[in-house]
Amino acid sequence: MSRKTRRELLAALGATAALGLAGCSGNGDGGDGGDGGDGGDGGDTPTESPTPTEGMGGMTETDTGGMGTANVRVAHFSPNAPNVDVYLDGSAVLEDVPFRAVSDYLEVPAGDHTVEVTAAGDPDTVAFEGDITVEAADYTVAAIGNLGGDENAFEPLILEDDNSEVGDDTARVRLVHASPDAPAVDVTAGGSAVFDGVAYGEAATGEVPAGTYTFQVRPDTEANDGDVVGEFPAQLEGGTVYTVFAGGYLSPDDAMGDAGFDLTAVVDSGAGGGGLVDPANLRVGHFSPDAPNVDVYVDGDTVLTDVPYRTLSGYLTLPSGTRTIEITAAGDSDTSVFEGDVDLAAADYTVAAVGELDGDEAFRPLVLEDDNSDPGSDTARVRLVHASPDAPAVDVTAGGSAVFDGVAFGETSTGEVPASDYTLNVRGDTESNDGDVVADFDVSLNGNTVYTAFAVGYLSPDDEPVDEAFDLQVAQDASY
């Protein structure tokens with residue numbers, strides 16, 4: 001799943017809180033809060049129906065022999081189903097519910113009820129009809145599965161919710177596996193398993209210390225170390241109960257719909273908010289020529305180990321906000337070469353370790369916000385990062401024209417050029433961009449593509465502590 005798709009899904013969740021019925025209350029906040037949902041194909045705010053007591057002819061608690069009241073909410077997680085209407089005992093209680101939406105809790109008399117789910121606005125197209133029995137407790141009825149499919153067919157998953165109080169420093173989180181084509185999954189955070197071997201149609205609950213996490217979803221393995229299929233940052237507040245739905249298709253191209261895999265989080269109960277948060281995507285580059293291999297920590301958790309010189313990682317998904325980054329010698333956590341706070345928005349970043357451990361240019365991280373938007377079909381966007389400690393400010397020319405002008409060590413410059421093959425000439429900075437060429441590099445730049453070129457190593461390695469010659473290292477940041 002691309003970062004772009006991820007942001008679009010996160011941004012759409014705001015519509016899900018509008019599903020509650022006026023005058024209905026439960027023990028939890030239901031659809032309030034929570035990031036990561038998708039407004040579905042319809043995208044419209046669901047239409048509110050009469051309260052359940054009105055829709056059922058004014059039934060009251062005494063009508064059921066004093067059995068009490070159940071709090072029931074409805075979640076739509078059938079990825080190939082249209083928006084739906086939900087009927088309880090023949091009366092519409094929710095209308096035009098989109099995929100990934102979770103309603104507020106509805107008050108209904110405890111006992112036996114008939115639930116019917118139809119296509120929105122089309123009561124004759126019935127996706128499900130059946131009886132449920134609810135006691136005086138909280139429930140989630142989640143519509144899951146493939147509509148019209150033989151495998152993992154559309155059905156309601158009835159879950160009793162534990163909305164009891166949780167400690168002020170603790171969050172209770174329930175995972176509901178509603179992705180029809182996904183295997184059983186493990187969910188890890190900080191290297192530890194939060195959920196282990198949760199299969200489709202199952203739910204698992206755990207309690208974790210309140211804090212900031214990046215949930216990693218993996219196919220189930222005995223050691224909880226399967227390949228990561230999705231990363232989802234979360235801010236979990238103390239005293240709060242959450243449900244996280246894993247929905248959509250892992251492989252939408254091969255499935256019955258095109259809804260991609262994602263997590264949707266809702267607050268069930270408690271005073272806190274939080275839930276899934278907009279992610280920052282961060283990669284780390286090691287461009288300090290005299291530094292050893294390094295380990296990289298974020299908020300105390302190891303994210304990269306034994307990173308050698310001239311390595312650029314892939315993007316890591318992190319919660320946005322203030323993150324503490326530490327860089328140490330590989331395998332030696334006591335030898336810290338940098339530690340500091342970095343403010344990350346919901347954007348893409350490169351943290352490049354530049355400078356020298358023993359030289360005139362001090363070792364430091366260069367924090368860069370990346371512009372990975374599409375430059376256009378016939379255009380390449382190229383950014384130059386000057387990371388050569390002994391090189392002066394440089395001009396970079398191609399075909400006699402300046403692509404970059406006067407870029408000094410520790411600085412960057414970005415330009416857009418027609419997609420083509422180029423010979424880039426690196427020169428000492430002059431006013432007319434005609435300084436002596438110190439190096440030239442042949443590059444092929446494609447349209448719809450974003451690049452970063454790192455000028456690395458030493459211009460005069462014989463005079464420096466290590467023999468790392470000047471070079472231009474070109475990385476492809478994004479392509480469309």
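A residue is termed buried under 20% relative accessible area, exposed over 50%, and partly exposed in between (1.4 Å probe, protein chains only). Asn-433 is buried, with a relative accessible area of 18%.

The model is predicted, so local features need pLDDT of at least 70 and side-chain atom pairs count only at pLDDT 80 or more, whereas totals for chains, interfaces and linings use all residues. Residues are numbered from 1 along each chain as its sequence is written, and side-chain values use heavy atoms, with hydrogens and water left out.

**Positive phi**

Asn-433 is not a glycine, yet has a positive phi of about 60°. Asn-433 is placed in the loop between strand S31 (420-428) and strand S32 (437-445); strands (E, at least two residues) are DSSP runs numbered from the N terminus. Arg-310, also a residue other than glycine, has a positive phi near 70°. The loop between strand S21 (301-307) and strand S22 (316-319) holds Arg-310, which is partly exposed at 27% relative accessible area.

**Aromatic pairs**

Six aromatic pairs are present in the structure. Rings of Phe, Tyr and Trp (its six-membered ring) pair if their centres lie within 6.5 Å; planes under 30 degrees apart count as stacked, over 60 as edge-to-face and the rest as tilted. Two of the pairs involve Phe-77.

| Pair | Centre distance | Plane angle | Class |
|---|---|---|---|
| Phe-77 and Phe-99 | 6.1 Å | 70° | edge-to-face |
| Phe-77 and Phe-245 | 4.4 Å | 15° | stacked |

Phe-77 lies in strand S2 and Phe-245 in strand S16 (residues 240-247), so this pair ties together parts 168 residues apart in sequence. Ring pairs link Phe-77, Phe-99 and Phe-245 into a cluster. Both Phe-77 and Phe-99 are buried, and Phe-245 is buried with a relative accessible area of 0%.

Notes
Helices (H or I, at least four residues) and strands (E, at least two) are DSSP runs, numbered from the N terminus.
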